[in-house]
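Hi,

Here's the structure I said I'd pass along.

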Amino acid sequence: MRRLKALFGAVLLCGTLSACGLEVNTALPYKIEPGSIQPIESLKGVTVTVGSKDFTENIILGYMAEMALSAAGADVVDLTDIKGSNSSRQALLAGQTDVTWEYTGTGWINYQGNELPVPGGEQAQYEATKAADEAKFGVTWLNYSPLNDQYAFAVTEAYGAANNLKTTSDLAAFLKRKPDQNVFCLETEFTSRQDGFPAAVRAYGFQNPVIKNFGIGTIYSAVASGTCPIGEIFTTDGRIAGLNLRVLEDDKKAFPQYNAVPTLRTEFLKQHPEIRGPLEAVAAALDNKQMIELCKQVDVDGRDQGEVAYEWMKKKGFIS
């Protein structure tokens with residue numbers, strides 16, 4: 001059994017892990033045995049630190065990467081649940097993490113500073129992000145996953161049916177007629193990031209919206225309970241089905257493609273190129289339908305992210 005070393009609640013500003021008072025050699029309670037991912041001799045004893053952002057899907061992806069690399073023989077350190085995209089990104093650039101799952105749209109808009117998505121769909125967005133990030137920041141993007149976790153707005157099914165809302169253009173027209181309903185529940189980061197609410201305002205012309213900031217985990221229940229008529233959501237989130245929400249189509253393509261991709265510093269990947277295979281195998285096996293179900297198990301059914309990831313990895317045969 002490979003031992004996964006856990007570091008929970010890391011404070012990146014500490015400078016060193018020991019300065020944070022973190023326990024670095026606690027094994028996660030999962031027995032990781034090789035399945036279709038077999039031990040790779042050159043990865044034996046190599047320490048790989050896996051990070052993630054602080055929302056359910058990305059934490060699940062982080063655990064999947066840890067289990068894949070553990071099965072391949074690496075000594076894996078867990079640094080999942082880093083607060084915020086920028087902190088997760090800085091951890092990778094600074095060498096505090098070696099692997100983290102990113103999203104093509106986030107890389108293009110937030111990290112490269114572009115205001116508009118790349119036209120042409122998933123492949124075009126991926127190629128542009130990949131080339132720019134390696135050239136500018138020395139970060140390699142492995143093959144992208146079919147999993148495409150885009151932003152969207154949602155309302156309750158009853159509210160959407162009553163007001164004939166199917167697209168975000170429908171919503172914009174409705175709010176012009178009913179300005180008292182112009183209230184959005186948004187996560188703080190989404191309010192300001194260029195691929196978030198500002199992109200929607202540019203595309204759809206929302207005027208004078210009232211914004212209520214919530215943690216991303218509470219927006220779904222806030223919309224379901226009527227605290228806000230409209231909320232920001234991720235299109236792969238399991239609470240959409242669990243809370244009977246209606247996702248409004250982004251018909252003007254305001255939001256970029258957000259295919260999930262394992263990313264590594266190029267220098268680290270050159271030192272350990274065999275890391276690519278296990279991570280790309282997991283990426284290729286994922287899609288939106290599966291992730292909605294996995295996220296539902298966590299966010300609606302109350303299960304642990306690591307347990308959900310472990311069962312999926314075993315079901316797919318990657319580990320045994």
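Keep in mind that this is a predicted model. The protein chain splits into two parts: domain 1 covers 41-148 + 258-316, and domain 2 covers 151-248. On the contact between them, domain 1 puts in 19 residues and domain 2 puts in 14 residues. If you'd like a distance to go with that, the C-alpha centres of domain 1 and domain 2 are 27 Å apart.

How much area is buried between domain 1 and domain 2? It comes to about 1,300 Å², with carbon and sulfur atoms giving 54% of it.

I also went through the polar side of things. Between domain 1 and domain 2 there is one salt bridge. It joins the side chains of Asp 299 and Arg 239, at 3.7 Å from N to O. As for polar contacts, five residue pairs turn up between domain 1 and domain 2, counting pairs with both residues at pLDDT 80 or more.

Next, which helices supply at least two residues each to the side of domain 1 that touches domain 2? Those are helix 3 (104-111) and helix 13 (288-299). Helix 13 gives the largest share of that side, with six residues. By residue type, the side of domain 1 that touches domain 2 has eight nonpolar, seven polar and four charged residues.

That's what I have for now.

Cheers

Terms used: Residues numbered from 1 in each chain as written. Predicted model: local features only at pLDDT ≥ 70, side-chain atom pairs only at ≥ 80, totals over all residues. Heavy atoms only, no water. Domains from an automatic or database assignment. Contact = heavy atoms within 4.5 Å. Buried area = accessible area lost by both parts, 1.4 Å probe. Salt bridge = Lys/Arg side-chain N within 4 Å of Asp/Glu carboxyl O. Polar contact = N/O pair within 3.5 Å; in protein donor to acceptor, adjacent residues only side chain to side chain. Helix = DSSP H or I, 4+ residues; strand = E, 2+ residues; numbered from the N terminus. Nonpolar A, V, L, I, M, F, W, Y, C, P; charged D, E, K, R; others polar.
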